[in-house]
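Please look over the model shown here before reading on.

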Amino acid sequence: MYVCLCNGFTDRDVKNAIETGVDSVPNVYESLGAAPQCAKCSSHIRGMLQEERGKKTPTALSK
Ligand code: FES
(Lines give C-alpha, C1' and ligand atoms only; values in the text may rest on other atoms or scores of the structure.)
Protein backbone atom coordinates (compact mmCIF):
# COMPACT_ATOMS: atom_id res chain seq x y z
CA MET A 1 0.00 0.00 0.00
CA TYR A 2 1.26 3.45 -0.83
CA VAL A 3 2.11 5.52 2.22
CA CYS A 4 3.43 8.56 0.37
CA LEU A 5 1.80 9.45 -2.92
CA CYS A 6 4.05 12.45 -3.48
CA ASN A 7 7.20 10.32 -3.40
CA GLY A 8 5.67 6.99 -4.36
CA PHE A 9 6.89 4.83 -1.49
CA THR A 10 4.98 2.05 0.22
CA ASP A 11 4.47 0.68 3.71
CA ARG A 12 6.96 -2.06 2.82
CA ASP A 13 9.56 0.58 1.95
CA VAL A 14 8.98 2.27 5.31
CA LYS A 15 9.16 -1.02 7.21
CA ASN A 16 12.39 -1.93 5.47
CA ALA A 17 13.84 1.47 6.42
CA ILE A 18 12.78 1.01 10.05
CA GLU A 19 14.35 -2.46 10.11
CA THR A 20 17.68 -0.94 9.08
CA GLY A 21 17.57 1.30 12.15
CA VAL A 22 15.87 4.44 10.88
CA ASP A 23 14.17 5.97 13.92
CA SER A 24 12.53 9.25 12.91
CA VAL A 25 10.16 10.54 10.26
CA PRO A 26 12.76 12.83 8.59
CA ASN A 27 15.21 9.94 8.48
CA VAL A 28 12.61 7.71 6.80
CA TYR A 29 12.29 10.24 3.97
CA GLU A 30 16.06 10.62 3.75
CA SER A 31 16.73 6.89 3.69
CA LEU A 32 14.25 6.52 0.83
CA GLY A 33 15.85 9.34 -1.12
CA ALA A 34 12.73 11.41 -0.69
CA ALA A 35 11.66 14.66 0.92
CA PRO A 36 8.36 15.66 2.48
CA GLN A 37 6.21 17.62 0.09
CA CYS A 38 2.60 17.82 1.29
CA ALA A 39 3.60 15.89 4.49
CA LYS A 40 0.17 14.23 4.72
CA CYS A 41 1.96 10.91 5.09
CA SER A 42 4.10 11.96 8.06
CA SER A 43 1.53 11.00 10.70
CA HIS A 44 1.18 7.54 9.15
CA ILE A 45 4.96 7.11 9.09
CA ARG A 46 5.13 8.27 12.72
CA GLY A 47 2.51 5.67 13.63
CA MET A 48 4.51 2.95 11.87
CA LEU A 49 7.64 3.98 13.81
CA GLN A 50 5.72 3.81 17.10
CA GLU A 51 4.25 0.44 16.18
CA GLU A 52 7.68 -0.99 15.37
CA ARG A 53 9.12 0.44 18.61
CA GLY A 54 6.27 -1.25 20.50
CA LYS A 55 7.20 -4.59 18.97
CA LYS A 56 10.76 -4.19 20.29
CA THR A 57 9.61 -3.47 23.86
CA PRO A 58 10.12 -6.56 26.01
CA THR A 59 6.75 -7.85 27.20
CA ALA A 60 8.35 -9.86 30.00
CA LEU A 61 8.70 -6.63 31.98
CA SER A 62 4.92 -6.23 32.18
CA LYS A 63 4.46 -9.04 34.74
S1 FES B 1 2.01 12.05 0.63
FE2 FES B 1 4.01 12.01 1.42
S3 FES B 1 4.77 14.02 1.12
FE4 FES B 1 2.79 14.05 0.23
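The points below go from the whole chain to single residues.

1. Basis. This is a predicted model, in which local features need pLDDT of at least 70 and side-chain atom pairs count only at pLDDT 80 or more, while totals for chains, interfaces and linings use all residues. Residues are numbered from 1 along each chain as its sequence is written.

2. Elements. The protein has three helices and two strands, in the order β-β-α-α-α from the N terminus. Helices (H or I, at least four residues) and strands (E, at least two) are DSSP runs, numbered from the N terminus.

3. Of the 63 residues, 17% are buried. A residue is buried if 20 or more other C-beta atoms lie within 10 Å of its own, exposed if 12 or fewer, and partly exposed in between, with C-beta atoms placed from the backbone. Among contacts with a separation of 6 or more, 45% join residues 24 or more positions apart; a contact requires C-beta atoms, placed from the backbone, to lie within 7 Å.

4. Helix α3. One of the 15 residues of α3 is buried, so α3 lies largely in the open. At 1.5 Å a residue, α3 should span 21 Å, and its end C-alpha atoms are 21 Å apart, which agrees. The expected span is 1.5 Å times one less than the number of residues.

5. Packing of α1 on α3. The axes of α1 (residues 11–19) and α3 (residues 42–56) come within 11 Å and cross at roughly 45°. That makes α1 oblique to α3 (under 35 degrees is roughly parallel, over 145 roughly antiparallel, 65 to 115 roughly perpendicular, the rest oblique). Axes are lines fitted to C-alpha atoms, for helices over the stretch in contact, and angles run from 0 to 180 degrees between N-to-C directions.

6. Residues at that contact. Asp11, Val14, Lys15 and Ile18 of α1 meet Ile45, Met48, Leu49 and Glu52 of α3. By class, the contact holds five nonpolar, no polar and three charged residues. An α-helix has 3.6 residues a turn, so residues three or four places apart point the same way.

7. Loop between α2 and α3. Which residue here has a positive phi although it is not a glycine? Alanine 39 does, at about 65°; alanine 39 sits in the loop between α2 (25–31) and α3. Alanine 39 counts as partly exposed, with 13 C-beta neighbours inside 10 Å.

8. Lysine 40. This residue lies in the loop between α2 and α3 and is exposed, with 12 other C-beta atoms within 10 Å. Lysine 40 and valine 3 are 37 residues apart in sequence, and their C-alpha atoms are 9.3 Å apart in space.

Terms used:
Two residues are in contact if their C-beta atoms, placed from the backbone, lie within 7 Å. Ala, Val, Leu, Ile, Met, Phe, Trp, Tyr, Cys and Pro count as nonpolar, Asp, Glu, Lys and Arg as charged, and the others, Gly among them, as polar.
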